[in-house]
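Please look over the sequence and the model shown here before reading the report that follows.

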Amino acid sequence: MISPRFPITDDHIHIDPVNGRGIEAAKDFLRAGGTHIFLVSKPSWSLDVHPACGSDYARVFDETLRVADLVTETGLIVYPVLGVHPAEISRLAERMSLAEAVTVMQGGLDCAARYVKEGRAVALKSGRPHYEVDENVAAASNAVLAHALALAGECRCALQIHSETGPCADIVDMARTAGVPVDRVVKHYGSPETPLHPSLIAKHEAIPALAREHRAFTMESDFMDENSRPGAVIGPKSVPRFTKKLLESGQITTEDCFRIHAETVERVYGVTVTLL
Ligand SMILES: [Zn+2]
């Protein structure tokens, strides 16, 4: 393997040795030239955890950290991102009131914030349902998101959000209220029109144009690592593969690669991105 001359960072990936390919998927990323990953906690139900209170999420987060250690052994740099998937609200509301679901989810985020404060994770994750919900669920989800933003402000960390398609411009004011710089609110599966920080799926066609404009963005695979949903998203190699393809075809430069995969990542997450 020829080691890359620049870092290649996947801003949002899941690795699941229980339900997916696990470390083999991480090795695929490494062999394709990848160097750094933001390893995002999976929804509680995918690990068969059914939280009744916020601290029940510790099992989900401990599993993410266990996987982070395993992946680190392959030679990748792993930054854990912990939080509560916004779709949990619908699952929880099947067995408790909406108000109780909000309490559980906010408690889960409190638990995640403790890991960030201890330096065991670099960022939080929250959002609101990406599918149609009634106005009560929408309001409840915004309350959870506001809490996540408040915690990100308190921890001085970035927040990844998973939310509906579109710019999500209203989250700018929510971030301001919480004291979180808007460029540290990362819109996972984002698009260029968002005023938040866009994390673009690796194959996004706007990447060459945005790179030419020196627009700040990061790249992600959103690889789910679930054998039951093999075609759900693009594979674990997609960020290094698309980066190299764009570089080789002259659509982006090496300087762009450093900006996308190191400088921007450092600014958004407050980490230091170096090659081993
Ligand atoms: Zn994800």
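## The zinc site

The zinc ion is coordinated by His12 through NE2, His14 through NE2 and Asp222 through OD, at 2.1 to 2.6 Å, where donors are N, O and S atoms within 2.8 Å of the metal (3.2 Å for Na, K and Ca), and where a site may look incomplete because water is not among the atoms. Along the chain, these donors of the zinc ion follow the spacing H-x1-H-x207-D. His12 and His14 are both buried, a term that stands for under 20% relative accessible area, with exposed meaning over 50% and partly exposed in between (1.4 Å probe, protein chains only).

This is a predicted model, in which local features need pLDDT of at least 70 and side-chain atom pairs count only at pLDDT 80 or more, while totals for chains, interfaces and linings use all residues. Residues are numbered from 1 along each chain as its sequence is written, and side-chain values use heavy atoms, with hydrogens and water left out.

## The largest pocket

The largest pocket has a volume of about 570 Å³, and 25 residues line this pocket, of which His130, His162, His188, Tyr189 and Asp222 lie nearest its centre. On a 1 Å grid over the protein atoms alone, a pocket is an open set of points with protein on both sides within 12 Å along at least five of seven lines, a cavity is a set of points where a 1.4 Å probe fits but cannot get out, and lining residues have an atom within 4 Å of a point. Grid points are joined across faces, edges and corners, and a volume is the space filled by probe spheres set on the points.

By class, the lining of the largest pocket has six nonpolar, 12 polar and seven charged residues; here Ala, Val, Leu, Ile, Met, Phe, Trp, Tyr, Cys and Pro count as nonpolar, Asp, Glu, Lys and Arg as charged, and the others, Gly among them, as polar.

## The cavity

The structure holds one cavity of 30 Å³ or more, and the volume of the largest cavity is about 80 Å³. The elements that give two or more residues to its lining are β2 (36-40) and α2 (58-72), and α2 gives the most, with four residues. Helices (H or I, at least four residues) and strands (E, at least two) are DSSP runs, numbered from the N terminus. The lining of the largest cavity is made up of seven nonpolar, two polar and three charged residues, and among them are Ile15, Asp16, Pro17 and Lys42.

## Helix α9

Helix α9, residues 254-269, has 16 residues and reaches 22 Å from its first C-alpha to its last, close to the 22 Å expected at 1.5 Å a residue, where the expected span is 1.5 Å times one less than the number of residues. At Ile260, α9 bends by about 35°, the bend being the angle between axes fitted to the seven residues ending there and the seven starting there. Ile260 is also one of the buried residues of α9, which include Asp256, Arg259 and Tyr269. Just after α9, Gly270 takes a positive phi of about 70°.

## Two loop residues with positive phi

Cys168, in the loop between β5 (158-162) and α6 (170-178), has a phi near 60°, a positive value in a residue other than glycine. Asp225, in the loop between β8 (218-220) and α8 (238-248), likewise has a positive phi, near 55°, and is a residue other than glycine. Cys168 is buried, with a relative accessible area of 5%, and Asp225 is buried with a value of 2%.
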